[in-house]
Amino acid sequence: MDPIRAAGSPGLDEPGRHTLLERAGVRVAGLALVLLCLIVTLNVVTRALWHAVIPDDILLVSELMLLVILGPLALVTAEREHIAVTVFTARAGAGARRLMACLAHLAGIAFFGFLLVAFWTLLAKSWRTGEYYDGLLGLPQWPGLALATAALAGVILRLVFLLVRDARA
């Protein structure tokens with residue numbers, strides 16, 4: 001039996017097995033993409049036909065773009081589908097590739113950890129002060145920040161899981 005699975009792993013080391021957070025991130029990103037397309041299309045049509053604009057369209061699109069980008073990031077990390085340059089790593093031995101993968105996971109944890117702290121700080125401030133974006137709709141800032149923070153936490157959790165798995169391999 002696989003030692004990771006024997007230690008209580010839910011089988012996430014198999015391709016195609018993802019956590020609820022990873023699947024939810026992809027669904028939220030898909031919904032955000034559909035909404036983004038609808039807003040842009042409606043804005044173009046209403047501007048061309050009636051010289052009217054959807055209120056806060058740029059703000060809505062910028063918030064949705066953040067979700068489109070960060071939502072599926074944990075799942076992409078789980079599948080190890082990031083862009084990679086393998087010119088040098090293809091020639092390395094299995095041990096060296098494993099070491100490089102572990103170093104890459106550590107670098108990713110540090111980078112996304114920095115982003116997570118920044119988003120968490122912004123989220124806490126936004127929640128505490130009740131900040132809203134300027135505009136006709138008066139949208140609160142915290143929902144987008146909360147979803148981005150959850151997405152980054154999902155990426156870090158997946159990177160930690162991959163680091164432990166690769167270190168044990």
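Reader: Ground rules first. What kind of model is this?
Author: It is a predicted model, where local features need pLDDT of at least 70, side-chain atom pairs count only at pLDDT 80 or more, and totals for chains, interfaces and linings use all residues. Residues are numbered from 1 along each chain as its sequence is written, and side-chain values use heavy atoms, with hydrogens and water left out.

Reader: Aromatics. How many aromatic pairs does the structure hold?
Author: There are 2 aromatic pairs. The rule takes rings of Phe, Tyr and Trp (its six-membered ring) with centres within 6.5 Å; planes under 30 degrees apart are stacked, over 60 edge-to-face, the rest tilted. F111 and F112 make an edge-to-face pair, 5.1 Å centre to centre with 75° between the planes.

Reader: Is F112 buried or exposed?
Author: F112 counts as buried because its relative accessibility is 14%. The cut-offs: buried is under 20% relative accessible area, exposed over 50%, partly exposed in between (1.4 Å probe, protein chains only). F111, at 48%, counts as partly exposed.

Reader: And which residue pairs with W127?
Author: W142 does, also edge-to-face: 5.0 Å between centres, 85° between planes. That pair links distant parts of the chain, with W127 in helix 5 (residues 94-129) and W142 in helix 6 (residues 142-168), 15 residues apart. Helices here are DSSP runs (H or I, at least four residues), numbered from the N terminus. W127 is exposed at 58%, while W142 is partly exposed at 34%.

Reader: Salt bridges next. What's the count?
Author: The count is 4 salt bridges. Each needs a side-chain nitrogen of Lys or Arg within 4 Å of a carboxyl oxygen of Asp or Glu. One of them joins R158 and E22, with the closest N and O atoms 2.6 Å apart.

Reader: Why does that pair tie together parts 136 residues apart in sequence?
Author: Because R158 sits in helix 6 and E22 in helix 2. Both R158 and E22 are buried.

Reader: Which residue does E131 bridge to?
Author: K125, at 3.4 Å from N to O. E131 is partly exposed at 25%, and K125 is partly exposed at 41%.

Reader: Which residues join into one network?
Author: Start with R165 and D166, a salt bridge with the closest N and O atoms 3.9 Å apart. Bridges that share partners join R80, R165 and D166 into one network. R165 is partly exposed at 27%; D166 is buried at 8%.

Reader: Switching to helix 3. Which of its residues are buried?
Author: D57, L59, V61, E63, L64, L67 and L70. They pack against helix 2 (20-50), helix 4 (73-78) and helix 6. Contact there means heavy atoms within 4.5 Å.

Reader: Last topic. What volume does the largest pocket have?
Author: About 530 Å³. A pocket is an open set of points on a 1 Å grid over the protein atoms alone, where a 1.4 Å probe fits, with protein on both sides within 12 Å along at least five of seven lines; lining residues have an atom within 4 Å of a point. The volume is the space filled by probe spheres set on the points, which are joined across faces, edges and corners.

Technical notes
Helix = DSSP H or I, 4+ residues; strand = E, 2+ residues; numbered from the N terminus.
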